[in-house]
Amino acid sequence: MTAQPVLKTGLMKTCKVKPCLVSNELNKELTSELDKELSKELKKSTQSKFSKAAASYNTHANVQKHAATDLFKLIKLGFNKNKVCVDLGAGPLVNTHTLQSMFSSVVAIDLSLNMLQSSDLTAPKICADMDNLPLQANSVDVIYSNFAVQWSANFSALMQSLYSILKPGGQAYISTVVEGSLNEIKTAFAALDSNSHINTFNSELHINQSVQNAGFIINSAKKCIYTDEYTTPLKAIASIKAIGATMQTHTNTRQGLLTKSALQKVCSAYPLINNKACVSYHVVLLSLEKH
């Protein structure tokens, strides 16, 4: 029987813990108490919004499903017997079920307890922050993460953490949303004010540099653009909320609910293609290996 990844039990017993495997760069960035408090609030906001979206996630996560299918194609088959895989940002365990057909043991990890509990799938489930994973170094064979790591507070530090957790020769299969995503929504809200109304995503350059600096071998790196189509701009905007992706990663945001007239203005400015309101996601698919 394959052993489960060894948990850092100290991290599981306390609510307030120091980040594990944090880089020097992250320590410097978090020297300000204000920055620390902002980071905590963003994490709470992320957790809350994904928890609220648990019931509707599977219905609306169409783009995520397409990305997951493409990510599965990158997995090397035939060498997975007795291997331990972590599904990072597992959500409602849709991908965990598929991974169980590929690996002998799959552990589902997500920040939202509601997401994990929304599935009846039998699998080890850990409610944890990806930026503070309770896993020992060199304890996991494979990490699979679809549409999740863009919510990390520090992508560079996360890559270093994942590299440490993997066993030598371990594999990581990751899809992450990058700069250029949700431009249609950005364009529509620009008619209302100059504030930002969409999430800030990392650039492709930052993704590649972070992966390389962590020490990973890049077996494959591919950018895809996935697009959802809706019959109205209102449904397109609502789709973001339905999957819990309305969290902002910066402070220059408009507060409060939109008035009816403001919402009409936004919808009128929404760019249409063949009378369809599209929502596009720029996504980088990565196949990585630890030396």
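Which residues have the most contacts inside the largest nonpolar core?

Modeller: This is a predicted model, in which local features need pLDDT of at least 70 and side-chain atom pairs count only at pLDDT 80 or more, while totals for chains, interfaces and linings use all residues. Residues are numbered from 1 along each chain as its sequence is written, and side-chain values use heavy atoms, with hydrogens and water left out.

Ile75, Leu99, Phe103, Tyr144, Tyr270, Val279 and Tyr281 have the most contacts inside the largest nonpolar core, which has 36 residues. A nonpolar core is a set of buried Ala, Val, Leu, Ile, Met, Phe, Trp, Tyr and Cys residues joined through side-chain atoms within 4.5 Å; buried means under 20% relative accessible area, exposed over 50%, and partly exposed in between (1.4 Å probe, protein chains only). Apart from this core lies another, of 30 residues, including Ile126 and Leu162.

Four aromatic pairs occur in the structure. Rings of Phe, Tyr and Trp (its six-membered ring) pair if their centres lie within 6.5 Å; planes under 30 degrees apart count as stacked, over 60 as edge-to-face and the rest as tilted. One of the pairs, Phe72 with Tyr144, is stacked, at 4.8 Å centre to centre and 15° between the planes. Phe72 is buried at 14% relative accessible area, and Tyr144 is buried at 0%.
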